[in-house]
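Please look over the sequence and the model below before reading on. The notes after it are brief and grouped by topic.

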Amino acid sequence: MQNESLLMMPGPVPMPERVRFAMARQAMNHRGAEFGQVVEETTTMLKEIFCTKNDLLTITGSGTAGMEAAISNFCQGKKIACLVNGKFGDRLYQVSQRYGNPMSLASDWGTPLPLEALEQALEEGAEVVTLVHNETSAAILNPAEEIGRLAQKHGALFIMDGITSIGADEVYPDKWGVDVAITGSQKCLAAPAGLAALSVSQKAWDAQCENPPFYFDLPAYKKSAAKNQTPFTPAVPLYLALREACAIALEEGMEARIARHRMMAQAVRTAADVWGLSLFAQPDALHSYSNTATAICYPEGITDDAIRGKVKNLGIEVSGGQDHIKGKIFRIGTMGATGAPEILAVLAMVQGAFKAAGYPLKGDGVSAACEVLIA
């Protein structure tokens, strides 16, 4: 790791050696039996990770490609209620503007979503609801189960970005009535960037548009998936890496994996509290702090470069704020294959950076986090 940065961001995340080595082989025929087995095994494992019995499709493209595939196939011309309390909820709204008739049901970033406005929109004829389950731009976990209940009550489709929750937190698409759930390979699964996976319900298929886009034609992906194939040339090395990442996740066990992510996030939140620093997200009875990213507010007089810049110079990368909150927060990822050594390393570096910047933290957050991790 001497010449490698430690990525403690809300994705991409460090990849296990097994995942990296899975890509180090000669090319294979993507129409042959060997790759067909890769598709079959990966799909089976992804269904278990997604906790779904719905169709599971994998496309070559980022998580945003998964968003656009969902909106373009099932929302063309429809009234779409887009829930927004961060950058990625707004991205779903922007994608929806290309294909349907969306309304942005927004609250300030990191604050509870306007669920009363959602119910009113559904009563007034909204046909689709979009949600980012885990909004990493603000480090808030949104109430997917409650939103799914409202969508089902009014017969609306429910499209959920689970890009930073699937594989690291509790996600139950079938139980929650999620018609399309989306994830990306480089987040909680700790695989390389470049693949998106979607679970698709029968209700969604029944509502599919007549003229889907060419590359994101999900019925074509479904038809090919029945033969353990893809309709277009897949990113074979990424598939091989994703298969290995899924195997690692299931070897750990999803219950243990979720518990590990929650413990890591709690350690970071505990450190922030002992330091006397405020968290950016403002949860309530339905909304929670994210378990895959923690957003911490900078105190007055402390610059982003003094903390993130210093930490990066020492070989660890954390994320800053985006758009209008750039320079106001920093975000520590607790996602994928990381554990106690990485958490303690990043917290020690952050604590040291504040000391170097001349800011008097209230207490020793690293020791407090250690107590959480070894409890």
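This is a predicted model: local features need pLDDT of at least 70, side-chain atom pairs count only at pLDDT 80 or more; totals for chains, interfaces and linings use all residues.

A search of the whole structure finds 10 aromatic pairs. The structure also holds 14 salt bridges.

**Strand pairing**

- Three strands form an open sheet in the order E6-E7-E11, and their pairing is antiparallel.
- The edges of this sheet are strand E6 (134-135) and strand E11 (288-289), each of which pairs on one side only.
- Strand E7 covers residues 140-141 and pairs with E11 in the antiparallel sense, over two bridges.
- Ile140 has Tyr289 in E11 as its bridge partner.
- Elsewhere, strand E12 (residues 293-297) and strand E15 (residues 329-333) run antiparallel and are joined by five bridges.
- Ala295 has Arg331 in E15 as its bridge partner.
- E12 is mostly covered, with four of its five residues buried.

**Thr164: a buried loop residue**

- Thr164 sits in the loop between strand E8 (157-161) and helix H7 (173-176).
- Is Thr164 buried or exposed? Its relative accessible area is 5%, so Thr164 is buried, the cut-off being under 20%.
- The Thr164 side chain reaches a backbone oxygen, that of Asn134, at 2.9 Å.
- Asn134 belongs to the span of edge strand E6 (134-135).
- Beyond its neighbours within four places in sequence, Thr164 is in contact with Pro10, Asn134, Thr136, Lys187, Cys188, Thr292 and Met335.

**Ala197: a buried strand residue**

- Ala197 is placed in strand E10 (residues 195-200).
- Its relative accessibility is 4%, and Ala197 counts as buried.
- Which residues does Ala197 contact, leaving aside its neighbours within four places in sequence? They are Leu46, Phe50, Leu56, Leu57, Thr58, Ala181, Ile182 and Thr183.
- Pro299 is 102 residues from Ala197 along the chain, and the two C-alpha atoms are separated by 39 Å.

**Aromatic rings**

- The rings of Tyr215 and Phe232 form a stacked pair, 5.2 Å centre to centre with 20 degrees between the planes.
- Tyr215 lies in the loop between helix H8 (202-206) and helix H9 (218-225), while Phe232 lies in the loop between H9 and helix H10 (236-252), so the pair ties together parts 17 residues apart in sequence.
- Tyr215 is partly exposed, at 32% relative accessible area.
- One aromatic cluster takes in Phe214, Tyr215, Phe216, Tyr221 and Phe232.
- A charge also sits over a ring: Lys175 lies over the face of Tyr172, 5.7 Å from the ring centre.

**Salt bridges of Arg262**

- Arg262 and Asp169 meet through their side chains in a salt bridge of 3.1 Å, N to O.
- Arg262 is in helix H11 (residues 254-275) and Asp169 is in the loop between E8 and H7, so this pair ties together parts that are 93 residues apart in sequence.
- The side chains of Arg262 and Glu170 also meet in a salt bridge, at 3.7 Å, N to O.
- Glu170 too lies in the loop between E8 and H7, with Arg262 in helix H11, so the pair links parts that are 92 residues apart in sequence.
- Glu170 is partly exposed, with a relative accessible area of 35%. Asp169 counts as buried, at 7% relative accessibility.
- The loop between E8 and H7 is also where Thr164 is found.

**Other salt bridges**

- Arg260 forms a salt bridge with Glu252, and their closest N and O atoms are 2.7 Å apart.
- Arg260 is buried, with a relative accessible area of 16%, whereas Glu252 is partly exposed at 29%.

Conventions
Residues are numbered from 1 along each chain as its sequence is written. Side-chain values use heavy atoms; hydrogens and water are left out. Two strands pair if DSSP finds at least two bridges between them. Buried means under 20% relative accessible area, exposed over 50%, partly exposed in between (1.4 Å probe, protein chains only). A polar contact is a pair of N or O atoms within 3.5 Å; within protein, one must be able to donate a hydrogen and the other to accept it, and residues adjacent in sequence count only if both atoms are side-chain atoms. Contact means heavy atoms within 4.5 Å. Rings of Phe, Tyr and Trp (its six-membered ring) pair if their centres lie within 6.5 Å; planes under 30 degrees apart count as stacked, over 60 as edge-to-face and the rest as tilted. A charge sits over a ring if NZ of Lys or CZ of Arg is within 6 Å of the ring centre and within 35 degrees of the ring normal. A salt bridge is a side-chain nitrogen of Lys or Arg within 4 Å of a carboxyl oxygen of Asp or Glu.
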